[in-house]
Amino acid sequence: MSHTHVPLKARKVSFAWEDTPLHWVPGDPFTTHTINVLHLLLPAGERWFVHVYKQVLPLIQDERLREDVIGFIGQEAMHSQAHDEVLPHLRDQGLDPTPYTAQVDWLFEKLLGDRTLPPGRPRHWWLLERVALIAAIEHYTAFLGDWVLNAEALDRHGADPTMLDLLRWHGAEEVEHRSVAFDLFQHLDGGYARRVRTWATAFTALVFLWQRGARFFMANDPTLTDGRAGFGDFHRRGRSGLLPSTGAVLRSIPGYLSRDYHPSRTGSTEQAVAYLAASPAAVAAEKSQEGSA
């Protein structure tokens, strides 16, 4: 747990995927594809975060929080781009994600997008509802970020180092900015009923989309003749440390619903900053920015 505040900045990272195999967790398509769902969900989701937060900026009265939100926007835009760039690599390996990503795009752009509402209270209500949804989702991105920073089982299993760096760079930034979305929700509204309602929506949607994405990948993996994905597979990988454990996921629920919840209790800013100082992609981005300054 850490309460250290650090200024947020976007790191313009890039990754080369030509040497990353289809099953980047060797011999384990299920773990590979369960984590690969991130590449399907995050580009559209994080573009949506940015879109909503740009509408919220004029409502922020606290200057430090405003600076944090601007830093958050920059980091989320970079996350979206980095995961988006994995998709052509998947297509080259015979996995076209378009049927799934089209559904995700519809969810964020249409179902959760801007609505034709009268100005005033209805429009403001919908904006606050989406701010609360983002806070709930960010609870789980911080949870996953903390997990992947400590998922030594992936290293022991020989996971591809480039993919691990993408996941850990992203995870470290999620831990670094883990309090921003909740602090913004508290600043603009903070209603407990809204927090519970939007958590239920976010958690249900994430579980549904994740299992659907894993099944999509397993069913369409050209190297598998009978690719399936079930809860038992997830539970077993969680017990071995290759995925988050079922128990940890369940314990995350009362944490967020506790009236005294705050995201600073998840993960360590020091650990996140230390990884970002050593990440090959982040270090290369820093050197590139210094060279162009």
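Before the first click, one term: a residue is called buried when its relative accessible area is under 20%, exposed when that area is over 50%, and partly exposed in between. Also bear in mind that this is a predicted model.

**Stop 1: helix H8**

Select residues 180-188, which make up helix H8. Now colour Val180, Ala181, Phe182, Leu184, Phe185 and Leu188, because each of these has a relative accessible area under 20% and so counts as buried.

**Stop 2: a salt-bridge network**

Next, select Glu129, Asp189, Arg194 and Arg197, which are joined in a network of salt bridges. Zoom in on one pair from this group: the side chains of Glu129 and Arg194 form a salt bridge, with N and O 2.8 Å apart. This pair links distant parts of the chain, since Glu129 belongs to helix H5 and Arg194 to helix H9, 65 residues apart.

Are these two buried or exposed? Glu129 has a relative accessibility of 7%, so it counts as buried. Arg194 is buried too, at 10%.

**Stop 3**

Select Arg47 and Asp105, whose side chains meet in a salt bridge at 3.7 Å, N to O. Arg47 lies in helix H1 and Asp105 in helix H4, so this pair ties together parts that are 58 residues apart in sequence. Arg47 is partly exposed, with a relative accessible area of 38%, and Asp105 is partly exposed as well, at 24%.

Now jump to Arg265 and Asp260, another salt-bridge pair, with their closest N and O atoms 3.8 Å apart. Arg265 is partly exposed at 44%, and Asp260 is partly exposed at 48%.

**Stop 3: Leu111**

Select residues 98-111 to bring up helix H4, then pick out Leu111. Its relative accessibility is 39%, so Leu111 counts as partly exposed. Which residues does Leu111 touch, leaving aside those up to four places away in sequence? Show Trp106 and Trp126, and you have them. For a distance check, draw a line from the C-alpha of Leu111 to that of Arg228: the two are 29 Å apart in space and 117 residues apart in sequence.

**Stop 4: where H5 meets H11**

Two packed helices are described by the angle between their axes and the distance between the axes. Hide everything but H5 and H11, which pack at an angle of about 140 degrees with their axes 11 Å apart. That angle makes H5 oblique to H11. The crossing of H5 past H11 is right-handed.

To see the contact itself, select Ala132, Ala135, Ala136, His139, Tyr140 and Phe143 on H5, together with Ala248, Val249, Ser252, Ile253 and Tyr256 on H11. Colour this set by class and you'll get 9 nonpolar, 2 polar and no charged residues.

How values were computed
Residues are numbered from 1 along each chain as its sequence is written. This is a predicted model: local features need pLDDT of at least 70, side-chain atom pairs count only at pLDDT 80 or more; totals for chains, interfaces and linings use all residues. Side-chain values use heavy atoms; hydrogens and water are left out. Buried means under 20% relative accessible area, exposed over 50%, partly exposed in between (1.4 Å probe, protein chains only). Helices (H or I, at least four residues) and strands (E, at least two) are DSSP runs, numbered from the N terminus. Contact means heavy atoms within 4.5 Å. A salt bridge is a side-chain nitrogen of Lys or Arg within 4 Å of a carboxyl oxygen of Asp or Glu. Axes are lines fitted to C-alpha atoms, for helices over the stretch in contact, and angles run from 0 to 180 degrees between N-to-C directions. Angles under 35 degrees count as roughly parallel, over 145 as roughly antiparallel, 65 to 115 as roughly perpendicular and the rest as oblique. A crossing is left-handed if the near helix is turned anticlockwise from the far one by less than a right angle, and right-handed if clockwise. Ala, Val, Leu, Ile, Met, Phe, Trp, Tyr, Cys and Pro count as nonpolar, Asp, Glu, Lys and Arg as charged, and the others, Gly among them, as polar.
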